[in-house]
Amino acid sequence: MKRTGAQIVWECLVKEGVQVVFGYPGGANLPIYDAMRAYPGIHHVLPRHEQGGAHMADGYARVSGKVGVAMGTSGPGATNLVTGIATAQMDSIPMVFITGQVSSKLIGYDAFQETDVTGITLPITKHNYLVTDVNDIMPALREAFYVARSGRPGPVLVDITKDAQQAVVENWQYDASPIRLKGYRPDLRPASASLQKAIELINSASRPLILAGHGVLMSNAMQELRGFAEKANAPVAVTLLGIGALPASHPLNLGMMGMHGETWVNHAVQEADLLLAFGMRFDDRVTGNLKTYAPNAKKIHIEIDPSEINKNVKVDVSLVGDLKDILRQVNPLVKPGERAEWLNHIADMKGDSAVRDIQNLPDNGHLYAAHVINDLWRFTGRDTVITTDVGQHQMWAAQYFRMDKPHRWVTSGGLGTMGFGLPAAIGAKFASPQSEVWTVVGDGGFQMTMPELCTAAQEGIKVNVAIINNGFLGMVRQWQEFFYDKNYESTPMKSPDFVKIAEANGLKGIRVTERSQVEAAIREAQAADGTVVIDFRVEQEDSVYPMVPAGADLHAMIQRPSALVETPQDV
Amino acid sequence: MLHTLVILVEDKPGVLNRVASLFRRRAFNIESLTVGHTHTEGLSRMTVTVEGDEHHIERLTSYLYKLVNVIQIEDLTGKQMVTRDLALIKVNTASEKRSEIFQMVEVFRARIVDVTSHSVIVEITGDGEKIDGFVDVLRPLGIVEMVRTGAIAMERGSDSLINTSELLFDSAAVA
């Protein structure tokens, strides 16, 4: 059949099962947009900024498990995608970015809206393509989807010149043959000798600890993780992106590790005699000082990306491959274990959780972020999707929203991208329309991508926004308080009236200043038809505890000075 | 220590940039890099010399393998290998040292490939040390211009690191 390059783009997206594309039109991708109407099976969402479109596709990918697709035009359209691409790269999100490029004859001549997009994105993509010939569009897109979703997933960018989009292929046919790339090996498997050695270490450990990372979710190995943990009686600590790998309510789930992890979790890491790293990469926010990290532990690393082995932490055994496959081999060989002494010890460190339950703290007239998040958890269903920005609210959300389901926690971990939350929530809603979707954002990050409120309004979709508004760039303020003599330079922030902002977008806005109002506001937001913005005016100088200062020993945590949610003003 | 890596890559536009960019992004220093065709169509071969300990080189190798266009990497360091570098050196021959220059060309088994009344171009191949030695000898005699290719390397013996018939299509087990 006769097809233009632009039509081939859509044909390929249809074949890949794409249902929604987040994109922004412009001069160099107009042919693609001109051809779009003939493909009504794909819904197109117009963000207010390409970065928003990228984060939407990212949120869509994280919740659906499918490849997220974002598009932009050449030049500024493509450069605006860059933050979204880097976010996806750091968190291994399967995405395909399609950008328009100036016509091939103009490349290199500084044409209008020309940018070397494949050059710019080379270090922040898993792979990328510059397509100048219409005949290369289909192979590039097929490879892009294949590379994006296989092995350790990641973003792939395909930059297509305008003349390639316009050119015609007379007898075009879709090639459905399997893809083979000479230098690409996504299906590595561990050596059997390593498997044996791992089993021996596991069965002889008395203080094992599983470190569950994003890889558990990417590999859909939640059941296998649970099976392993229950059989071996091995407690599980999760990374920020590993939240949801095991239900928070599971007795073996200790909670989050690392810089703002739970005290008993970080102590357990330091005291363990065996660390089982499942699909995680020993990020510096997780390990603290590497020289004193888990000094007593043998280490087994199960990881799909060989370059992560021995990168930050030297391990005793590495099993390279798909986590689900490997655990299916390992689990039958794991001996059931009691490990009562170890579990009791951790329980002792944890203490009486009722004492720490912030619901038990009397209302002292202040509104704390912890209460907001905790109430959000109490009054929403177990299928709720939470997306966040980056900073204090993100850590409070990780600590107080006790996530039981996988693929419902959407946050920018590796890159730490402010402005991620709202657009990611919009994408998440498209991935799981039946789920209640909330984005928890700070007043700073929210303002970076706030215009996407109107995207939600235009699409008529409902994502609720909980702004943890403390009038500061809170996490930076916290560092200034702890490490820079309270020199609050450039962190106090004036914000617009968020209620009016919501109303200006045709949406409902609610302001909450007291703890007693939180539940009613959440209920009101849930009951409303469209997106609702709640401006939670929380305690301004509250900090996230515990905290391991950057580069400090993991067990050297700064604890909350007094009771759990009291600040000096309360004393 | 200095490592000599041979990297087989797909012969496609931008692949050299991908490899060089990776060295920069991951903060490895390239001592020398050469690239050229192999006898197999679509396959190019790079020889890279890079400073680093075993751990560094392991990391570098695993990062290089993440590049979709990189097919195979071999570290020839410590193996029996032939390394060659080629230099063209233009030397001023106007002085009374002219005969001394010709003598050195003989001693180092270099070749004179261009002659004018004032200068010669000398071609020399060999490992890096030999060329360094030759340059040291010529330097006081008046080097006008010099160009070197950087090292290329091949393992001695009858085995080939390139198994072109089955270019690693199957997944390899990794320890």
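Me: Where is Pro546(A) found?
Reply: Pro546(A) sits in the segment after β21 (532-537) of chain A. Helices and strands here are DSSP runs, H or I of at least four residues for helices and E of at least two for strands, numbered from the N terminus. This is a predicted model, where local features need pLDDT of at least 70, side-chain atom pairs count only at pLDDT 80 or more, and totals for chains, interfaces and linings use all residues. Residues are numbered from 1 along each chain as its sequence is written, while chains are lettered from A and ligands numbered from 1 in the order in which they are written.

Me: And what about the peptide bond from Tyr545(A) to Pro546(A), cis or trans?
Reply: That bond is cis, with omega near -15°.

Me: OK, chain A overall. How many helices and strands?
Reply: Chain A has 23 helices and 21 strands. Its radius of gyration is 24 Å, close to the 25 Å that the globule rule gives for 571 residues, so chain A is as compact as a globular protein of that length. The radius is taken over C-alpha atoms, and the rule is 2.2 Å times the number of residues to the power 0.38.

Me: What does the C-alpha trace of chain A span?
Reply: About 75 × 65 × 40 Å along its principal axes.

Me: What share of chain A is buried?
Reply: Buried residues make up 54% of the 571 residues. Buried means 20 or more other C-beta atoms within 10 Å of the residue's own, exposed means 12 or fewer, and partly exposed is in between, with C-beta atoms placed from the backbone.

Me: Why is helix α1 of chain A called largely enclosed?
Reply: Because 9 of the 11 residues of α1(A) (residues 5-15) are buried, the helix is largely enclosed by the rest of the structure. Among the buried ones are Trp10(A), Glu11(A) and Cys12(A). After α1(A) comes Gly17(A), with a positive phi near 80°.

Me: Which residue has a positive phi although it is not a glycine?
Reply: Gln113(A) is one, at about 60°. You'll find Gln113(A) in the loop between β5 (95-101) and α5 (117-121) of chain A. Asp485(A) is another non-glycine with a positive phi, about 50°, and it lies in the loop between α21 (474-483) and α22 (498-504) of chain A.

Me: Is Asp485(A) buried or exposed?
Reply: Asp485(A) counts as exposed, with 8 C-beta neighbours inside 10 Å. Gln113(A) has 16 C-beta neighbours inside 10 Å and counts as partly exposed.

Me: Switching to the core. Which residues touch the most other members of the largest nonpolar core?
Reply: Val96(A), Val158(A), Leu211(A), Phe278(A), Ile534(A) and Ile7(B), out of 195 residues. Helix α6 (residues 137-149) of chain A gives the largest share of this core, 8 residues. A nonpolar core is a set of buried Ala, Val, Leu, Ile, Met, Phe, Trp, Tyr and Cys residues joined through C-beta atoms within 7 Å.

Me: What is Ile7(B) in contact with?
Reply: Leaving aside neighbours within four places in sequence, Ile7(B) is in contact with Val19(B), Met46(B), Val48(B), Leu64(B), Val70(B) and Ile73(B). Contact means C-beta atoms, placed from the backbone, within 7 Å. Another core of 11 residues lies apart from the largest one, and includes Ala87(B), Ile89(B), Val91(B) and Ile124(B).

Me: How many residues does each chain put into the contact between A and B?
Reply: Chain B puts in 22 and chain A 21. On chain B, α1 (15-25), α2 (54-66), β4 (70-75) and β10 (173-174) each supply at least two residues. The most, 6 residues, come from α2(B).

Me: And by class, on the side of chain B that touches chain A?
Reply: That side has 11 nonpolar, 5 polar and 6 charged residues. Ala, Val, Leu, Ile, Met, Phe, Trp, Tyr, Cys and Pro count as nonpolar, Asp, Glu, Lys and Arg as charged, and the others, Gly among them, as polar.

Me: How many helices and strands in chain B?
Reply: Chain B has 4 helices and 10 strands. Buried residues make up 25% of its 175 residues.

Me: Last one: where does Val82(B) sit?
Reply: Val82(B) is in strand β5 (residues 81-92) of chain B. Val82(B) is exposed, with 11 other C-beta atoms within 10 Å. Not counting residues up to four places away in sequence, Val82(B) touches Ala153(B), Met154(B) and Arg156(B).

Note on methods: Contact = placed C-beta atoms within 7 Å.
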